[in-house]
Amino acid sequence: MKKAVRILVGFLAFGCMSVHAQATDTEKNMQARVVAQDSVYEVAERMPEFPNGQARLFKYIYSNLQYPPMEVARRHQDRVICQFVVEKDGSISDVHVVKSKGFADLDKEAVRVLSSMPHWHPGEQNGQPVRVKMTVPVQFKLEPIVVQPAYPGGADAQLAYIQKNMKYPKDAKKALQEGTAVCQFKVEADGSISEPVVFVSTGVESLDNEAIRLIQSMPKWTPGTLDEQPTAMQAAMIISFALPAEYINKQTGVKVEVVAEVEGRTVDGKLPVPACREKVNGVVTYKVLIGTDGKVVSVRSGEGDLMDNPQLQELVRKAAMKAQFNAAEQESVGTITFTFFSK
């Protein structure tokens, strides 16, 4: 009987040891799960998401980003790579910079704007919310400062160059052909000129060719710059071909008297060459609105004995647009009278 009792006691003692061992393993597993839940995941089964997706994330960032004024003045730009933790409740913590050029104010602003984000949808692991580390770039980019190329000495020097170097083509001069060419070309980073083309033609091949020659013969320009660095850029120039009034009168045998008046004062007008070719006789008078700097901005009503010639009327109207009044007469109404006498 005593022997049986000893065996039973021994069995109970062994059983107690087994129960104690099971309790210890359970505690360890529970502790491990707690540790796992508090760990920061690099990758989770379901990654955190900004409300309404990634596009809204970057819209939020760049809507709230405030470029530091001193960094704008210094023209500092950077792509600041930041990391942060999306907590189990979706809040943001531990925002810090992991890669940048070291512009302190840009780094600080990137951290600020990410720290101010609304709650995310948290990440999940095994159906439970977990802490997840995220990496987001913040781009600081300034609009480039562009300075267009320019003719050395400015517009006046450019006009002087054209007037001095233009060689009016003999065929166009003999045919009393005039016109305006709009030319495009490239100003290289060293200021040299390349790739000239006539963008808007005069309608006369020899005049277009002379325009190209003038472009190719120009001195070097002051090159354009992009963020203060010389850069090849496109440029344009308008080259007008106009014959002297005396030459036109001599060749056509037509004397054209152009009188532009405002308050009785006469100013210079432009002779309509095509009208001279027709050798018409008569008078056309237009009312004109004088705008800024004395330039004609619109041609009002016209009258005269040549008004029944629609083609001539249009030519003279365009000529009236080119009249130049005194700047003091701006924003007033003047008259321009064209009188044609032909032999």
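Predicted model: local features only at pLDDT ≥ 70, side-chain atom pairs only at ≥ 80, totals over all residues.
**Figure 1. Overall view of the protein.** The model contains 10 helices and 16 strands (DSSP runs numbered from the N terminus: H or I of at least four residues for helices, E of at least two for strands). Of its 343 residues, 34% are buried (under 20% relative accessible area, 1.4 Å probe, protein chains only). Among contacts with a separation of 6 or more, 74% join residues 24 or more positions apart (contact: heavy atoms within 4.5 Å).

**Figure 2. Helix α7, residues 205-216.** Its end C-alpha atoms lie 17 Å apart, which agrees with the 16 Å that 12 residues should span at 1.5 Å a residue (expected span: 1.5 Å times one less than the number of residues). Buried residues of α7 include Leu207, Ile212 and Leu214, along with Asp208 and Glu210. The buried residues pack against α5, α6 (170-174), β7 (179-187), β8 (193-200) and β11.

**Figure 3. The second largest pocket.** Its volume is about 240 Å³. A pocket is an open set of points on a 1 Å grid over the protein atoms alone, with protein on both sides within 12 Å along at least five of seven lines; lining residues have an atom within 4 Å of a point. The volume is the space filled by probe spheres set on the points. Leu159, Ile162, Gln163, Met166, Ile238, Ile239, Ser240 and Ala242 form the lining. Both α5 (155-165) and β11 (233-241) supply at least two of the lining residues.

**Notes.** Numbering runs from 1 along each chain as its sequence is written. Local features need pLDDT of at least 70, side-chain atom pairs count only at pLDDT 80 or more, totals for chains, interfaces and linings use all residues, and side-chain values use heavy atoms, without hydrogens or water.

Methods: 1 Å grid on protein atoms, 1.4 Å probe; cavity = no way out; pocket = protein on both sides within 12 Å on 5 of 7 lines; lining within 4 Å. Buried < 20%, exposed > 50% of the residue type's maximum accessible area, 1.4 Å probe, protein only.
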